[in-house]
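The stops below are in the order in which to select them.

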Amino acid sequence: MKKYKFTNNLGLKVMALVFSAFLWLIVVNVDDPVETSTFRNIPVTVKNPEIVTNEGKTYKILDDTQTVSVVVKAKRSVLSKLSANNIVATADMSEMQIDSLIPIRATIPGYEGRYTTEVMPVNLRVKTEDQTKNVFPLTVSASGTPRDGFVVGEMTTNPEKITVRGAESLVNSIDKAVAKVDVSGLSKTTVLQAELIYYDSNGNVVDRSQLKDNLGSDGITVNVQMLNTKSVALNFGVSGIPEEGYIFSGLTCEPDKIQVSGTAEVLEGFEELEIPASEIDITGAAEKLEKTIDILPYLPEGTQLVDETANNIVVTISIEQEGTRTIELSVEAIRVNNLQNNLRVSFDENTDIELQFKGIQEVLDSLDIRNAASIDLKAYTKPGTYEVPVNIETAANITLTKKPTVKVVLTEKDEKTEQEETTENR
């Protein structure tokens, strides 16, 4: 029997082995090819910062290089298991070049030898500076809308101030420290956790990531006081006597009610704000007066205006000759009679008609012209703008000094308008 030798046809055997390995590589790379994938916003961890801080200095990261994009090259089976959380980007202070550039390296723990990485940007840019600290009082910024019938009252922070440490230029750029809270839907006094935000003098947000503070794990809380709101009428007194032959015939104010806030106990029973007569002196007056009155001094203790700018009230005081009375009538109070079916009528809603009546003073004092004004549009058959007489029904012993008119606009109805009106009237 012929003895088998390994060296027989050795060249063919080597060729077969090389071909098999090559074929295996082809199969593997077809099934599990090498690919690349980019992972963004990877935070950069600074190693050995004591190289700078031990000299009493600190550093500021420039050009937003504290996060990087990392291109990973690896087999598909490896890439499919990776996320941004697997990638660690570091910059070692001991490798700083020209006092500002630190190479950034990206690694993937647990996958050693199975990948390559490329970092963009390649360097962490820093500026070394003297370290400083400053103390800032905390102010509160509230966002959101409380529940209807409530407003935000006093807000206080805990702590009241904050100590900030960091690079001198960064700390010095801070203009104010703000505790931001959301009061949406609140109806009772409560304590809220706040978000700390630094602003510079231009109102821009200062990056907190490169600063340190003394807040610890507790952070900032804000005690938010919630107050009830209420609509309160205004009652103005009048002092003095008009010129002989003239009388005080009433006053109006704008607005005639105010919105106030306070605790439920303080607002209970508070229905009307009395303004003393000393504010309006009509001594010797012979014509209509107008005065602006600041009502803030007369608000009860514990109350405040919901709108802090609504403290000035415009008061109109009517002074008339005895035996006369002037009444302002809104156009909305005028009845419209005999309007053509094909026309629509409209008024200038901001226009009031001033009516002056003469008669016995006692009758004038009780005069009520509600539902007494009307216009007759029977003679107005075409679209256009017309000055129409206003009819006023009054008692026999009362007369109008001047026949009033009102400007009306008549427009032709279209089919769509008629359909809408028909639907509304159903």
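This is a predicted model: local features need pLDDT of at least 70, side-chain atom pairs count only at pLDDT 80 or more; totals for chains, interfaces and linings use all residues.

Residues are numbered from 1 along each chain as its sequence is written, and side-chain values use heavy atoms, with hydrogens and water left out.

**Stop 1: the largest pocket**

Pockets come from a 1 Å grid over the protein atoms alone: a pocket is an open set of points where a 1.4 Å probe fits, with protein on both sides within 12 Å along at least five of seven lines, and lining residues have an atom within 4 Å of a point. Grid points are joined across faces, edges and corners, and the volume is the space filled by probe spheres set on the points. The largest pocket holds about 390 Å³ of space. Select Lys-288, Ser-318, Thr-326, Ile-327 and Glu-328, which are the closest to its centre of the 17 lining residues.

Now colour by strand; strands are DSSP runs of E with at least two residues, numbered from the N terminus. E15 (246-254), E20 (312-321), E21 (324-330) and E24 (352-358) each give at least two residues to the lining of the largest pocket. Domain 3 (237-321) and domain 4 (323-412) each contribute at least three residues to this lining; the domain bounds come from an automatic or database domain assignment. By class, the lining of the largest pocket has 3 nonpolar, 9 polar and 5 charged residues. Here Ala, Val, Leu, Ile, Met, Phe, Trp, Tyr, Cys and Pro count as nonpolar, Asp, Glu, Lys and Arg as charged, and the others, Gly among them, as polar.

**Stop 2: the second largest pocket**

About 340 Å³ of space lies in the second largest pocket. Of its 16 lining residues, Thr-58, Tyr-59, Ser-209, Gln-210 and Lys-212 are the closest to the centre. The lining takes at least three residues from each of domain 1 (34-121) and domain 2 (130-224). Strands E1 (34-47), E2 (57-61) and E9 (161-167) each supply at least two of the lining residues. The classes here are 7 nonpolar, 7 polar and 2 charged.

**Stop 3: strand pairing**

Two strands pair if DSSP finds at least two bridges between them. Go back to E21: an open sheet of 3 strands has the order E21-E24-E28, with antiparallel pairing. E21 and E28 (399-400) are its edge strands, each pairing on one side only. E21 and E24 are joined by 7 bridges, and Ile-327 stands opposite Leu-355 in E24. Ile-327 is also one of the residues closest to the centre of the largest pocket.

Next select E25 (residues 373-376), which runs parallel to E22 (residues 335-337) and is joined to E22 by 3 bridges. In this pair Val-336 stands opposite Ile-375. E25 also pairs with E27 (residues 391-392), in the antiparallel sense over 2 bridges; look for Ala-373 opposite Ile-392.

**Stop 4: backbone details**

Then select Asp-64, which is not a glycine but has a positive phi of about 55°. Asp-64 is in the loop between E2 and E3 (67-75).

**Stop 5: a charge over a ring**

Finally, show Lys-176 and Tyr-199: Lys-176 lies over the face of Tyr-199, at 5.7 Å from the ring centre. The criterion is NZ of Lys or CZ of Arg within 6 Å of the ring centre and within 35 degrees of the ring normal.

Note on methods. Helices (H or I, at least four residues) and strands (E, at least two) are DSSP runs, numbered from the N terminus.
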